[in-house]
Amino acid sequence: MRIRIFTCFLLAGILLLNSCVQGDIDELQNQINDLNSKLEDLQRTQQEALLAAIASLQADLALLNSELVGDLELLQQEVENNANAVYYGNVITDGDYALLTAQGATIITGRVVISSDAHVQALADVKLIGKNLEIMGGSTITMTALQSVGENLLVSNISEDATIDLSTLSSVGGDFEVMNNSGLTSLMANNLVLISGGLNSERNLGFTTLSFAKLDQVDDIYVNEYDDRDFDSLAGDLATLELSSANVNNDVSIHYLGAVANLALGSIGGDFICEYSDLAKITSNAATIGGDFIMEYNKFLSSIDVVSLSRIEGKLRMVSNYDWNTPGSGLTTMPSFAALTFIGGDVYISSNSNLTTVEAFNNVTEVRGTSIEFSGNGNLDNVNIFNALVDTANPASQWGDYSHASINVNANTFWFTGFNALTEALNLNVSIAKTAGVFNEVTGEFEPGGDTSKFEGFDNLTDVSVLELTVSEVTEFNAFGALNNFKNYQTYLTVYMPNDPNVGLCSMEPIFTKIKSGAFDNWNGTRKAVFTLNWSEQDRDTAIDQLLAPCTP
């Protein structure tokens, strides 16, 4: 009996064990099937994302009428039809690179990080990277097969001597950034047509060359190569910046650029700012600057070629474009801006001290800023500016007639003429004088200033709130002939009279006669005209008689 009972228990145990083992195997198989299903779903999701990125780049390139759309179509077919060509996932570690090499894939769906020359070699046949390409190491980084990056291309923290050549790269689906590299000397991608995001190059010591010889479109550009190793010049080493007259959808912001021969751009949808740089020339075929147009402290900027520019939607600033240590450096002749008709903000042209002649802005009819300033621009043979300007009033302003721009002109010149079509201004401060004597550092001799200074202009101006007129050194005067009214109820006119009593302000006889008759006087004497000779205030009527005395036949 005991033997039978033991036998029954033994048989029952074996049956139970077999049942448990079979259950574990079934559960494990279910888990494997579930993982395979998830892997297939993941691969399908990554493939769909990759195809979507390709489609987006195709659409952007098609807008540019680029012949490179066909190359992306071939990559799309390869993704769809050749499973072994596609590596699903990121390539970051050495293990990832070993798997990529074993598979022989040419397309990577995920993110790629390059840290060494071995990584570069492993990517030799890769044509497409679906997500970010991050280059953080290597010396000779040449990728001749790579055609497209789906998201961002980031180059950063390369500390050893290195060059990058992406000779067949045609499109980047996000930003292209070159940041904080102390070893990188050059980066070339001379078949790159499209950067869907922004181009950013910043703090790359020793970086001399950034070349995109076929770039057609980029969202925005920011370059700042500030270099504080030499305080005599804080501009960086970037001396070759080839942007292929690319069209920029938004802002262009250039700072501390090296001795670039020509910064060439196409259309500019936002601000254009170039400052503290050693470049020689700026060229743009833009018809419109969508924001501000600013050029400041560019020591060797000698040429600005914007022959098609008709509108600046924001302000215009041109300040201190010369090197005080280098005679004749920077702007010596102001570009004419011959096509320009509209400026949407303030105008500030100042301290370009090596200018010798200015004939500019003479087709501008509208300025919508509150201020126009032309001052401190060296010794000038002649100044001929803004002679088509008819309107500075802001139609959106609540101030009505008082929304006109104020104008400040301070020029040392043999001949000034300007603003001949303008009928009304807010506050007007004009100082015209002879050219000043200067020390010639080449000859070591002092060169005397000019002996004549002719002032013409403002022929159609009828109304102004306040006029301050400094003509102490003027030798010939013919301006403000139509002036008829002052709107200010305090001191509305200040005249610093010619030192030479033989110089009359004959063209202002009508308004002087009106002033002398008391037409602008008020009951308490606070509304007045002030006349000063040799820093001494003169009796109003006596001063007017003296200013008009040379006019009598």
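Q: What should I know before reading the residue numbers and values?
A: Residues count from 1 along each chain as its sequence is written. This is a predicted model, where local features need pLDDT of at least 70, side-chain atom pairs count only at pLDDT 80 or more, and totals for chains, interfaces and linings use all residues, while side-chain values use heavy atoms, with hydrogens and water left out.

Q: How do you know what confidence the predictor has in the protein chain?
A: By pLDDT, the predictor's confidence in each residue, from 0 to 100. The protein chain has a mean of 88, and 81% of its residues reach 70 or more.

Q: What makes residues 5-11 a stretch to treat with care?
A: Their pLDDT stays under 50. Where pLDDT is low, the predicted coordinates should not be read in detail.

Q: Why are β23 and β26 called paired strands?
A: Strands are DSSP runs (E, at least two residues), and helices are runs too (H or I, at least four), numbered from the N terminus. Two strands pair if DSSP finds at least two bridges between them. β23 (residues 293-296) and β26 (residues 316-319) have 4 bridges, so they pass that test, and they run parallel. Across this pair, methionine 295 stands opposite methionine 318.

Q: How do you know which strands carry on from β26?
A: Follow the bridges: 4 of them join β26 to β28 (residues 347-350), again running parallel. Here leucine 316 faces valine 347, and arginine 317 faces tyrosine 348. Then 4 bridges link β28 to β31 (residues 371-380), also in parallel, with tyrosine 348 opposite glutamate 373.

Q: Why are β29 and β40 called edge strands?
A: The open sheet has 5 strands in the order β29-β32-β34-β38-β40, with parallel pairing. β29 (357-360) and β40 (476-479) each have a single partner strand, so one side of each is left without a neighbour in the sheet. Neighbouring strands here are turned by 5° against each other on average, direction ignored.

Q: What makes β34 and β38 a pair?
A: DSSP needs at least two bridges, and 2 bridges join β34 (residues 415-418) to β38 (residues 454-457), so the pair qualifies. The two run parallel, and tryptophan 415 stands opposite lysine 454.

Q: Why do β6 and β16 count as edges?
A: Their open sheet runs β6-β9-β12-β14-β16, 5 strands with parallel pairing. β6 (140-142) and β16 (240-242) each have a single partner strand, so one side of each lacks a neighbour in the sheet. The twist from one strand to the next averages 10°. At the β16 end, 3 bridges join β14 (residues 209-211) to β16, with threonine 209 opposite threonine 240.

Q: How do you know that β42 pairs with β39 and with β43?
A: Count bridges again: 4 join β39 (residues 463-470) to β42 (residues 491-496), and 5 join β42 to β43 (residues 528-533). Threonine 470 stands opposite tyrosine 496 in the former pair, and valine 495 stands opposite phenylalanine 531 in the latter.

Q: Why is α5 called roughly antiparallel to α6?
A: The axes of α5 (residues 509-516) and α6 (residues 540-548) come within 10 Å and cross at roughly 160°. Axes are lines fitted to C-alpha atoms, for helices over the stretch in contact, with angles from 0 to 180 degrees between N-to-C directions. Angles under 35 degrees count as roughly parallel, over 145 as roughly antiparallel, 65 to 115 as roughly perpendicular and the rest as oblique. The crossing angle therefore makes α5 roughly antiparallel to α6.

Q: Which residues make the contact between α5 and α6?
A: From α5 come Glu509, Phe512, Ile515 and Lys516, and from α6 come Arg540, Asp541, Ile544, Asp545, Leu547 and Leu548.

Conventions. Contact = heavy atoms within 4.5 Å.
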